[in-house]
Amino acid sequence: MASFKPTKIQVYPKLGEKVTQDTLYWKNYKAPVQIKEFGAVTSIDFSPVTPHNFAVTAFTRIHIYGPFSQEPVKSFTRFKDTAYCGRFRSDGQLLVAGCEDSVVRLFDVSGKVALRLFKGHTKAVHLTDFTSDRYQILTGSDDYTCRLWDIPNATELTTYREHTDYIRCGVTSKLNRDLFITGSYDHTVKLFDARVEKSVITMDHGQPVESVLLYPSEGLLVSAGGRHVKVWDLLKGGQPLVSLKNHHKTVTSLALSSNGQRLLSASLDRHVKVYSTTNYKVVHNFDYAASILSLALAPDDESIVVGMTNSILSIKHRKNQEDSKEIAGQQRRRPSYRVFVKGKNYVPKQDDYLVSKPVKEHLAKYDKQLRRFNVSKALDTALETWIRFRKPEITMAVIKELDRRGTLKNALAGRDERGLSQLLNFLIGNFVDARFTPVLVTAAEMILDIYQSIIGQSPLVDRQLLRLQDLVEKELDYQKELLEVLGMLDTMFASSLPRKEVPCSGIGKSNGLTQGEPTTLDWV
Amino acid sequence: MVEHGDIRVVHCGGSKLNFRDPVITHDSRFLLCASGEAVKVFSTSTEECIHELRGHTGLVTGVLLRPSNHLQVYSSSLDGTVRLWDFTDGILIKTCVIGYPIYSFYASAKHENIFVFAERFQLVAVHLPQSGDQLVEARELSAVLSGVNPNPAAIAFGRGGEFIASVNDLQLEVYFFKKQKSYRFFLKEDNKKGGWNTFTCVACHPKDDCIATGHEDGKIRLWRNFNHKKEYTYSTLHWHHSAVSSLCFTPEGTNLLSGGVESVLIQWRYKQESERDFLPRLGAAITHITVSPDGSLFCTSHSDNKITIIQSCVKVSAVIQGLVKGDSIRTDLMMDPRSKALVLNGKPGHLQFYSLQRDKLLYNLDIVQQEYIHESGLQQFEVVKAAFDASGLWLATVEERHQKAAELELNLKLWAFDEQTQSFVLNTTISAPHDAQITAMSFRQTADSQTTLLVSTSKDGHFKAWQLAAPAHTEDYIQSVNCPSWLCDFVGAYHGLVPECCSFSADGSLLAVAFQEVVTVWSPATWELTFFFFSPPSISDLCFGRLSCSKYLLGTTASNLLCCWNLLTCSCKTSPCIKVLSTQNFFCDSLNRFISLFLSFLLSVFVFKPSEPRPLFSRKAVCSGKVTQAVFAPREEMLESCEESSQWLNRSQLYFLTQQMDLMTFTTKAEEDRLLASSKQLVIDDSVAMTPFYLLLGKHRQQQQEHRDSDSSLWAERTALPQTSASIKELLQTPAHVLPSTSYLCSMFVQSLLISVSDARSAHAEEEMESEKEEEDSEEEMESSRSKPELVAAATESDAPALTKAQARELRRVRKLDHSWLAGLLDS
């Protein structure tokens with residue numbers, strides 16, 4: 001007659017973020033390497049030439065790290081005060097850095113002593129950069145000026161005094177030797193042309209600008225300041241394109257991924273957000289331990305380097321593709337595969353008489369035991385270590401099924417110390433999971449009823465029961481707090497909603513959904 | 001109140017099949033079972049119902065093969081008669097009036113009498129008088145046993161009818177006919193282990209002195225040596241965990257079959273009881289087991305109105321399924337818009353689709369999809385609500401399980417209709433859609449709209465709107481869900497009141513939700529409360545009018561008021577408020593604009609138009625027993641009825657279900673006439689099995705016959721064909737076993753073959769006279785040869801001009817003369 005209907009394993013929706021291509025890509029990094037610097041890491045810059053060393057500016061030093069070394073390859077320590085903004089030239093031979101003492105130093109990457117000293121600024125220099133023709137240096141300072149210097153004879157070429165506050169960031173064009181952009185605390189971003197005496201375009205960011213970034217095509221400009229990240233269209237004369245507000249503290253640093261498809265922003269709120277540059281939606285998020293001051297990506301996204309206020313430098317290297325591929329390849333090549341598919345793709349000819357064999361239905365082990373009403377054995381199977389940890393929903397489904405059959409008590413009873421501690425372990429692990437709680441509460445009550453008499457006989461079981469008690473108490477407190485928060489939110493919503501003419505209850509769409517979302521939704 | 005003579009209440013199927021144990025005929029071709037007031041004859045191989053033996057005026061309480069003639073069957077009924085039928089042709093042979101309602105009856109090959117269980121817990125032997133009359137009265141009654149159990153399974157005949165065993169409560173009584181003596185054996189009320197020893201059923205071994213009894217605690221006892229008061233012995237078999245409901249020995253006595261609530265058929269080997277075969281998962285509790293006389297087929301009746309036919313190798317071969325009677329029909333009656341089938345609760349956890357036209361169960365849809373554990377006292381998942389959308393593409397079901405001291409388990413499931421498999425496929429499961437029981441569910445009824453919307457109201461004080469949502473950003477996700485699923489769209493509440501019912505307007509632009517005494521009307525487009533009505537007692541049911549009455553919103557209240565609000569004037573137009581006694585049931589027609597109202601304890605029905613306060617139709621005492629559910633079903637073809645009183649039946653039909661699980665409907669006279677006419681057309685010769693092949697070939701042969709007749713009419717048309725004579729026809733068509741003696745028939749037969757000369761002569765003379773009188777021929781000839789096709793007529797007409805009239809007349813005369821002579825010769 002009808003066949004045995006197997007236990008239905010409920011499919012629970014995956015909690016948390018949805019798995020997208022981006023999450024897979026950005027999760028594919030190894031555990032970070034953490035290096036302690038001498039002070040807050042203010043700037044990180046990758047060398048444009050292989051092996052893509054990077055310069056880390058922290059306190060009075062600039063360290064240069066190799067791609068895989070955890071010790072600095074080189075360090076520049078001849079600063080009188082805090083150094084700022086160590087940048088490589090496009091050939092990777094020279095390095096320029098500003099300093100709190102208003103002197104700009106130019107180093108040979110292989111040397112130790114500064115090749116040139118550019119003196120002229122009156123206050124700390126936070127911005128230094130090479131122009132694309134390699135012979136000039138752009139600097140920006142707290143004395144509201146930005147200047148262009150000639151490298152060969154260390155002389156000042158031009159001074160621009162248009163900003164009315166500290167200049168903290170800037171970037172030179174990679175395509176045009178005369179164009180450069182500076183961002184200042186006077187809320188403006190200005191595009192200068194060295195061929196004319198003044199700025200060409202001025203954009204109002206609205207907040208003190210902390211970082212600017214040019215797209216590789218140099219048609220778009222990204223500026224960060226305050227909590228906002230703004231994108232400007234330079235080809236339309238500095239028209240604002242998008243304003244992003246995804247951080248809740250000041251955004252300090254910007255970076256583009258190597259293919260230019262993703263934009264990264266780092267903030268004092270300890271997050272790095274990854275945006276898609278097509279629709280400017282956040283596609284991924286990194287958490288760090290402290291406020292982030294600087295961020296840089298190696299070419300081809302080989303590593304993500306982040307510098308933080310607690311003077312920690314965190315380097316994440318991309319996982320090697322070959323390792324994972326090899327494992328997958330081994331799995332695919334099973335020797336029995338050919339045997340398994342033998343004759344499966346045979347198409348019967350027209351005159352063939354087809355004899356169909358009844359398909360033998362495969363049942364899981366616990367289902368076989370349930371079919372024979374071996375309830376204790378079925379529960380044992382479902383509590384096997386692998387299932388218990390990797391697929392708790394199977395254990396849950398079996399417990400639920402036993403409860404439905406009214407034989408849960410029989411299945412739970414008659415266990416020895418090992419069996420009971422296994423059961424309690426599962427209970428402790430999943431008790432506070434909202435999806436499992438309703439069923440586990442009944443199971444826990446039954447366990448307490450059954451094994452009341454043996455309390456005190458086994459220290460292991462006693463310890464676990466105490467843990468369970470702790471867990472329940474903690475959960476109760478937690479729920480109480482949550483209810484309080486919900487109450488507060490309700491009052492806030494009620495006061496913010498406009499009064500309506502119709503005497504409708506306050507539960508509108510926004511409010512109702514927060515309360516009434518179905519707890520589990522699954523697609524079958 | 002207006003009475004309408006021409007609208008009748010008729011029974012249209014759905015009666016119980018499992019009331020009494022069915023009977024398999026000797027050749028194992030037919031299965032007979034009592035079903036309501038009729039006996040149904042099923043084919044064991046095709047599961048089709050072949051005949052219905054109708055004639056009883058009360059519930060049929062038993063069917064038995066006549067021991068002396070295996071082509072005849074007795075049936076007993078509560079109307080106090082025992083009828084004898086010929087089941088192969090469906091003919092009533094004899095009616096025997098006993099005069100008392102018969103609850104069950106038994107017969108044995110050794111006894112002339114049949115044994116009848118009548119009133120006062122007595123088993124009575126009845127002698128059926130042997131006479132040729134159709135209606136006889138049996139007055140020779142003699143009591144055999146008293147204090148017997150009304151359950152028909154509690155009495156059984158022993159080896160060759162030597163004794164009869166009866167069980168009642170804790171007592172087994174064996175009565176020996178030869179000795180006219182009875183022995184009684186008692187059991188203690190319960191044994192040490194706390195099991196209940198009450199007897200439930202009994203069966204006797206056909207060849208051996210052994211009685212098997214089933215008990216409340218699931219034990220089977222085999223009694224032997226019971227012709228002594230003291231030295232009896234018994235052995236115990238135990239497999240069942242709850243009461244054994246039926247026991248049966250195979251005809252040779254090699255096996256014992258038992259069944260119970262576990263829905264497992266067990267075959268015990270007689271004398272090797274440790275060996276047994278199981279047939280598990282038969283679907284529902286077994287109520288009766290019978291074995292065919294040759295032992296090749298078993299047959300089990302189940303509590304879900306089903307008969308399973310099982311081959312003796314313990315393999316199911318056929319299933320005859322009637323309308324399933326659940327414990328309670330919580331889903332109400334519904335119509336599937338696609339198949340026009342009636343949909344209601346069936347087996348536990350299933351929805352049944354029942355064709356009204358064919359009185360047949362189409363299929364069961366498994367909603368819960370869990371292994372059903374047959375155990376009494378276990379809380380099972382039940383389907384409590386179901387709703388179809390207007391096009392029949394979506395089905396929403398709610399199942400719940402309520403356990404003591406545990407949370408309510410609720411699941412809302414949405415099923416999409418699959419064109420390929422022609423059934424519903426699960427699309428979305430929403431576990432715990434609400435915190436409390438769902439009180440009502442309704443789809444937006446617009447067939448053309450792209451987005452389907454479902455609204456569910458719950459006792460937790462909210463109503464929720466569910467919408468079919470396509471998966472967003474499919475290209476971004478790896479695990480892209482390729483089919484759209486249902487998501488919560490809106491949650492609404494009104495001052496914390498509990499919503500009781502909801503209804504969409506015909507065009508889907510308004511949603512009415514009744515929160516106890518407040519009816520709120522929302523617009524689903526913006527989810528804003530547009531207006532509300534207030535009526536003091538709480539509303540129990542709501543519905544919008546249709547078509548021309550779509551501006552009206554109707555509701556019934558707890559204080560037995562039918563209210564009608566006009567939505568255009570936004571006012572509570574309570575003018576057509578009728579004070580009714582109890583609005584137990586309230587149904588709305590989906591096609592035209594009528595509503596019907598059943599008053600439970602008056603057993604009456606009212607049909608209203610929402611715009612008019614007076615009922616269009618009313619009828620008291622519709623049927624015996626309460627009407628539990630009703631539904632309007634659309635008709636396949638519209639009925640044209642000019643009478644205003646029955647106008648409401650033109651477009652749709654009102655079906656209702658009584659407590660006995662009988663489906664009833666209202667029909668008009670015109671419709672009945674039409675049905676009768678169509679059934680006459682379908683009458684065909686019974687001597688050949690009615691197969692599609694026969695229908696095709698038989699018709700063809702008939703035509704051929706006609707052709708041949710017309711061809712041969714030239715010479716044979718005047719014959720007084722012996723086949724046409726009434727007596728011969730009767731002789732040939734009545735089954736052989738009901739005919740009187742051959743000696744009696746012979747003379748009659750011979751007489752019919754003889755042709756009286758004078759008759760033929762006079763007829764002839766008349767014929768000639770007529771033919772001479774009439775100038776133009778052919779017409780008369782055609783009439784006489786009745787079924788001559790027109791083609792032939794045309795041929796004769798075309799031939800006619802070739803001959804002169806005189807020649808033709810001469811020719812015909814010659815033919816006629818010739819023919820009569822020849823015919824006479826042939827016949828003699």
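Which residue in strand 45 of chain B is the bridge partner of A512(B)? Before we get there, a word on what you're looking at. This is a predicted model, where local features need pLDDT of at least 70, side-chain atom pairs count only at pLDDT 80 or more, and totals for chains, interfaces and linings use all residues. Residues are numbered from 1 along each chain as its sequence is written, chains are lettered from A and ligands numbered from 1 in the order in which they are written, and side-chain values use heavy atoms, leaving out hydrogens and water.

Now for the answer: the partner is V521(B). Strands here are DSSP runs of E with at least two residues, helices are runs of H or I with at least four, and both are numbered from the N terminus. Two strands pair if DSSP finds at least two bridges between them. These two make a hairpin with two residues between the strands, and Q516(B) takes a positive phi near 50 degrees there.

Strand 44 of chain B has another partner to look at. Five bridges tie it to strand 43 (residues 499-504) of chain B, again antiparallel, with S503(B) opposite A512(B). That hairpin has six residues between its strands, and G508(B) in the turn has a positive phi of about 80 degrees.

So, is strand 44 of chain B covered or open? Mostly covered: five of its five residues are buried, meaning under 20% relative accessible area, while exposed is over 50% and partly exposed lies in between (1.4 Å probe, protein chains only). L511(B), V513(B) and F515(B) point one way, A512(B) and A514(B) the other.

Elsewhere in chain B, four strands form an open sheet in the order 27-28-29-30, with antiparallel pairing. Strand 27 (286-291) and strand 30 (315-321) are at the edges with a single partner strand each, so one side of each has no neighbour in the sheet. Five bridges join strand 27 to strand 28 (residues 297-302) of chain B, and T290(B) stands opposite C299(B).

Hop over to chain A and find G98(A) in strand 7 (residues 94-99). G98(A) counts as buried because its relative accessibility is 0%. The C-alpha atoms of G98(A) and L127(A) are 6.6 Å apart, although 29 residues separate them along the chain. Leaving aside neighbours within four places in sequence, G98(A) is in contact (heavy atoms within 4.5 Å) with residues including F79(A), Y84(A) and V125(A).
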